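Please read the following explanation alongside the coordinates.

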Amino acid sequence: MRIIDRVTAIRSLHKNSYHQTTETVINWKDGHTTTDAENNAIDAELIRLQALEDYQAPRKKEYPSIGDQLDALYHAGVFPSDMTATIKAVKDKYPKE
């Protein structure tokens with residue numbers, strides 16, 4: 001599982017507002033000094049992003065690939081008929097060997 005760092009949180013909140021950033025220093029394009037409110041928002045974003053990573057990463061590892069999921073849906077017959085026909089045409093054109 002990936003550990004989210006403060007730079008990632010800064011990038012998430014302030015994509016085009018700074019020239020460079022490290023864990024502790026933001027070189028803002030407008031030259032201002034980082035405020036307490038901005039630091040609090042960055043800290044909250046860091047917590048939010050880490051929470052997302054903490055539940056998404058294990059799921060990604062255990063889910064079947066998207067191709068396998070879609071193939072299962074196709075074989076279960078849950079696609080609309082036009083999509084089923086399109087998929088069948090491709091499967092027929094390029095059969096498994």
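The paragraphs below take up a helix pair, then some residues of interest, and then salt bridges.

The model is predicted, so local features are reported only at pLDDT of at least 70 and side-chain atom pairs only at pLDDT 80 or more, whereas totals for chains, interfaces and linings use all residues. Residues are numbered from 1 along each chain as its sequence is written, and side-chain values use heavy atoms, with hydrogens and water left out.

Helices here are DSSP runs of H or I with at least four residues, strands are runs of E with at least two, and both are numbered from the N terminus.

Which residues of α1 are buried? They are Arg6, Val7, Ala9 and Ile10, with buried meaning under 20% relative accessible area, exposed over 50%, and partly exposed in between (1.4 Å probe, protein chains only). These residues cover an arc of only 160° around the axis, which puts them on the same side of α1; the arc is that of the directions from the helix axis to the C-beta atoms. Their packing partners are β1 (18-21), β2 (26-28) and α2.

Strand β2 contains Ile26, which is buried at a relative accessible area of 12%. Leaving aside neighbours within four places in sequence, Ile26 is in contact with Ile10, Tyr18, Gln20, Thr21, Thr34 and Ile42. Its C-alpha atom is separated by 9.2 Å from that of Val7, 19 residues away along the chain.

Within helix α2, several residues can be followed in turn. Glu38 lies in this helix and counts as buried at 18% relative accessibility; apart from neighbours within four places in sequence, Glu38 is in contact with Trp28, His32 and Thr33. Glu38 and Pro58 are 20 residues apart in sequence and 31 Å apart in space, C-alpha to C-alpha. Leu46, also found in helix α2, is partly exposed with a relative accessible area of 23%, and beyond neighbours within four places in sequence Leu46 is in contact with Ile4, Asp5, Arg6 and Ala9. Leu46 and Ser12 are 34 residues apart in sequence, yet 9.1 Å apart in space, C-alpha to C-alpha.

Not counting residues up to four places away in sequence, Glu45 touches Ala9, Ser12 and Leu13. The side chain of Glu45 also meets that of Arg48 in a salt bridge (2.9 Å, N to O), a term that stands for a side-chain nitrogen of Lys or Arg within 4 Å of a carboxyl oxygen of Asp or Glu. Both Glu45 and Arg48 lie in helix α2, three residues apart, about one turn of the helix, and Arg48 is partly exposed at a relative accessible area of 42%. An α-helix has 3.6 residues a turn, so residues three or four places apart point the same way.

The structure holds five salt bridges, and one of them joins the side chains of Arg2 and Glu53 (3.9 Å, N to O). Arg2 lies in the segment before α1 and Glu53 in helix α2, so the pair ties together parts that are 51 residues apart in sequence. Arg2 is partly exposed, with a relative accessible area of 47%, whereas Glu53 is buried, with 14%.

Technical notes. Contact = heavy atoms within 4.5 Å.
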